[in-house]
Amino acid sequence: MKKTIITIGLSSIIALTGCADKAKDQGLGAKNNAGNPTNVNNPTQYYDEDYRNNDNKSDDFGFTRTNSATIDGRNISNKAASIDREQLSDVISKLSVQIPNVNDAATLVTDEEVLVVYDTNTKDRTETADQVKRTAMSIVPRYYHVYVSDDYQTLAQDIENFSTLKSGSKGIDYTIEQTIKRMLKSPQGHKMSDEENENGEMVNDKRDHHDNIHQKMDNR
């Protein structure tokens, strides 16, 4: 009788161990993976649990937890710099038309600039320009420069014409600079800070390739 009980007990342990190994092999439960640490309680133990909601619902929170071991030795520059410019332009335009006295807005997002042209019946052009500009500034990465104009009838089509172009398109930098020159004839709002001008450019940063535009506009 005792031998039978012992035999059954050993069989159960072996069966449970086999199930656990099978679950591990199939990827069930948390897996020990030092190559992809995402959620860590013990510094010596890493888990590749994926907490992202694959349903991509708009009301879901976004959460990521990581540590230096995740990116050590990896090139993440391209991934970190990748943003959805189309989505950014859509959000900026939609938020801009919610500003008082702004009726329409067209937004272009390049690799380092945001151009917003809007239609308004405001009595304070500078204040409205500041609101539109700061709205855009709050959406894009801080290294972006933002240019605005309330000359909607003249410039809206120019902004739209850029929509089929890319950062590497021939002559694109010159064309954008010429458009910015025209936009700077409109109020740009207030200075962003003591170190930055109205468009978020560093005042003493000679490396900025739009410095010459402001110099020309100041001399007009």
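Asp158 and Arg182 form a salt bridge, with their closest N and O atoms 2.6 Å apart. Asp158 belongs to helix H6 and Arg182 to helix H7, so this pair ties together parts that are 24 residues apart in sequence. Please keep in mind as you look around that this is a predicted model.

- Across the protein chain the mean pLDDT is 76, and 60% of the residues reach 70 or more.
- In the stretch formed by residues 22-52, the pLDDT is below 50. Beyond near neighbours in sequence, this stretch has 37 contacts in the model.

**Salt bridges**

- Searching the whole structure turns up six salt bridges.
- Asp150 sits in the loop between strand S3 (145-149) and helix H6 (152-161), while Arg125 is in helix H5 (residues 125-137), so the two tie together parts that are 25 residues apart in sequence.
- How accessible are these two partners? Asp150 counts as buried, because its relative accessibility is 16%, under the 20% cut-off. Arg125, at 41% relative accessibility, counts as partly exposed.
- Another salt bridge joins Asp90 to Lys94, where the closest N and O atoms are 3.2 Å apart. Both residues are in helix H4 (residues 85-96), and because they are four residues apart there, about one helical turn separates them. Asp90 is partly exposed, with a relative accessibility of 37%.
- Asp130, Lys133 and Arg134 are linked to one another in a network of salt bridges.

**The largest pocket**

- If you are looking for open space, the largest pocket has a volume of about 570 Å³. It is lined by 28 residues, and those closest to its centre are Leu108, Val109, Phe162, Ser163 and Leu165.
- Which elements each supply at least two residues of the lining of the largest pocket? They are H4, strand S1 (102-109), H6 and H7.
- By residue type, the lining of the largest pocket is made up of ten nonpolar, eight polar and ten charged residues.

**Glu198, a loop residue with several contacts**

- You will find Glu198 in the loop between helix H7 (172-183) and helix H8 (211-218). Glu198 is partly exposed, since its relative accessible area is 27%.
- Setting aside residues up to four places away in sequence, Glu198 touches Lys133, Gln188, Gly189, His190, Lys191 and Met192.
- Gln188 is ten residues from Glu198 along the chain, and the C-alpha atoms of the two are separated by 6.0 Å.

- Asn101 lies in the loop between H4 and S1. H4 and S1 are also among the elements that contribute to the lining of the largest pocket.
- Asn101 is partly exposed, and its relative accessible area is 39%.

Conventions: Residues numbered from 1 in each chain as written. Predicted model: local features only at pLDDT ≥ 70, side-chain atom pairs only at ≥ 80, totals over all residues. Heavy atoms only, no water. Buried < 20%, exposed > 50% of the residue type's maximum accessible area, 1.4 Å probe, protein only. Contact = heavy atoms within 4.5 Å. Salt bridge = Lys/Arg side-chain N within 4 Å of Asp/Glu carboxyl O. 1 Å grid on protein atoms, 1.4 Å probe; cavity = no way out; pocket = protein on both sides within 12 Å on 5 of 7 lines; lining within 4 Å. Points joined across faces, edges and corners; volume = space filled by probe spheres on them. Nonpolar A, V, L, I, M, F, W, Y, C, P; charged D, E, K, R; others polar. pLDDT = per-residue confidence, 0-100.
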